[in-house]
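Please read it alongside the sequence and the coordinates.

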Amino acid sequence: MTDSAASPGSEPELSDTDEDAGPACVLVFNANDPSGAGGLSADAVAIASVGAHALPVVTGTYARDSAEIFEHFAFDEEAVTEQARAVLEDMAVQVIKVGFVGSPENLSAIAELTADYADLPVVAYMPNLSWWDEDQIDAYLDAFQELMLPQTTVLVGNHSTLWRWLLPDWSSQRSPSPRDIAKAAADKGAPYTLVTGILLPDQHVDNVLATPQTVLANARFELFEAQFTGAGDTLAAALAALLASGSELNEAVVEALTYLDQSLDGGFRPGMGHVLPDRMFWAQPEEGEEEAQGEEPPEADNDAGAVRH
């Protein structure tokens, strides 16, 4: 996808019959996550929470709980293609979001679809795949570089994950900057990279939107004590939804990062594993609201929430 063909934040042209179509639509490729930590359910909730409508295409499913991934089962690429084309030929899609899709074959199918709809911006998220078999990781990352990055408008990923993937031969004593990582991504065709989780002194992290030439936006937040699952999918989905709704890229990045920070601040632990983002934090009762209504407040669980340093 060329820079001009994928200008984030551009308003789609709507026909007269589309005037009452409702929220902007985001086509999402991702795996089902039965824990609700990430995957399609996380995407759908985050996208709805910031005001867009998710069109979820199931690419496979994890077998996992809130602590770890045990296995992943990928769908056949034909099943993925048929799901996507059915909605693309019926609905006006503003942005495509790509999460973990399970196989090089699925990446190839999705790359072909995005090439057919080259005017649609693509937000692609690269998660940490250390849970997977090494040969499968290598094949997936190679296919993503060759097939998906040329179709990607904004690549989203953690600093350490993107560093290991895109700059495996990095030999400098300093860590690669967001611009270094963005250059490696741009060399493969992705014009913008959102690098997250850059560790800073005093228990803070930076998150930077960069191109090879410059830093376009950044947002710094305090670290949380809790260990989270699902933050990356939440951020990428919120960014895709904000772009679909017409926000400019810089503005959408800062807003999506703020939304993620608030989701983590309201995080909860539904099982015995990690804390999950509360993507509907804004819908929770205000503090003291239950007492004002004469209701008994729920018993606090010190382990369930996300606590800042």
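Strands are DSSP runs of E with at least two residues, and they are numbered from the N terminus. Strand β4 in that numbering contains V95. The model is a predicted one.

**Helix pair α2 and α3**

- Helix α2 covers residues 77-88 and helix α3 covers residues 104-116; their axes come within 9 Å and cross at roughly 25 degrees.
- Because angles under 35 degrees count as roughly parallel, α2 is roughly parallel to α3.
- The crossing in which α2 passes α3 is right-handed.
- On the α2 side, the contact is made by E77, V80, T81, A84, R85 and L88. On the α3 side, E105, N106, A109, I110, E112, L113 and D116 take part.
- By class, this contact of α2 with α3 comprises six nonpolar, two polar and five charged residues.

**Helix pair α5 and α6**

- Helix α6 (residues 178-187) packs with α5 at an angle of about 50 degrees, the axes being 10 Å apart.
- That angle makes α5 oblique to α6.
- α5 passes α6 in a left-handed crossing.
- From α5, the residues H159, L162, W163 and L166 make the contact, and they meet I181, A184 and A185 of α6.
- The contact of α5 with α6 divides into six nonpolar residues, one polar residue and no charged residues.

**Helix α4 and its surroundings**

- Helix α4 spans residues 134-148, and its 15 residues reach 20 Å from the first C-alpha to the last. This is close to the 21 Å expected at 1.5 Å a residue.
- Buried residues in α4 are I137, Y140, L141, A143, F144, Q145 and M148.
- The cover over these buried residues includes β4 (95-98), α3, β5 (122-126) and α5 (159-166).

- Helix α7 is mostly covered, with 13 of its 14 residues buried.
- T234 lies in helix α7, and it counts as buried because its relative accessibility is 0%.
- Residues up to four places away in sequence aside, T234 touches A46, Y259, L260, S263, P277 and R279.

**H159 in helix α5**

- H159 has its place in helix α5; with a relative accessibility of 9%, it counts as buried.
- Neighbours within four places in sequence aside, H159 is in contact with S175, P176, I181, V195, T196, G197 and I198.
- H159 and I198 are 39 residues apart along the chain, and 5.8 Å separates their C-alpha atoms.

**V95 in strand β4**

- V95, found in strand β4, counts as buried because its relative accessibility is 1%.
- Not counting residues up to four places away in sequence, V95 touches C25, V26, L27, P121, V123, A240, L243 and A244.
- The C-alpha atoms of V95 and A244 are separated by 5.4 Å, although the two residues are 149 residues apart along the chain.

How values were computed: Residues numbered from 1 in each chain as written. Predicted model: local features only at pLDDT ≥ 70, side-chain atom pairs only at ≥ 80, totals over all residues. Heavy atoms only, no water. Axes fitted to C-alpha atoms, helices over the stretch in contact; angles between N-to-C directions. Helix = DSSP H or I, 4+ residues; strand = E, 2+ residues; numbered from the N terminus. Parallel < 35°, antiparallel > 145°, perpendicular 65-115°, else oblique. Left-handed = near helix turned anticlockwise from the far one by under 90°. Contact = heavy atoms within 4.5 Å. Nonpolar A, V, L, I, M, F, W, Y, C, P; charged D, E, K, R; others polar. Expected span 1.5 Å × (residues − 1). Buried < 20%, exposed > 50% of the residue type's maximum accessible area, 1.4 Å probe, protein only.
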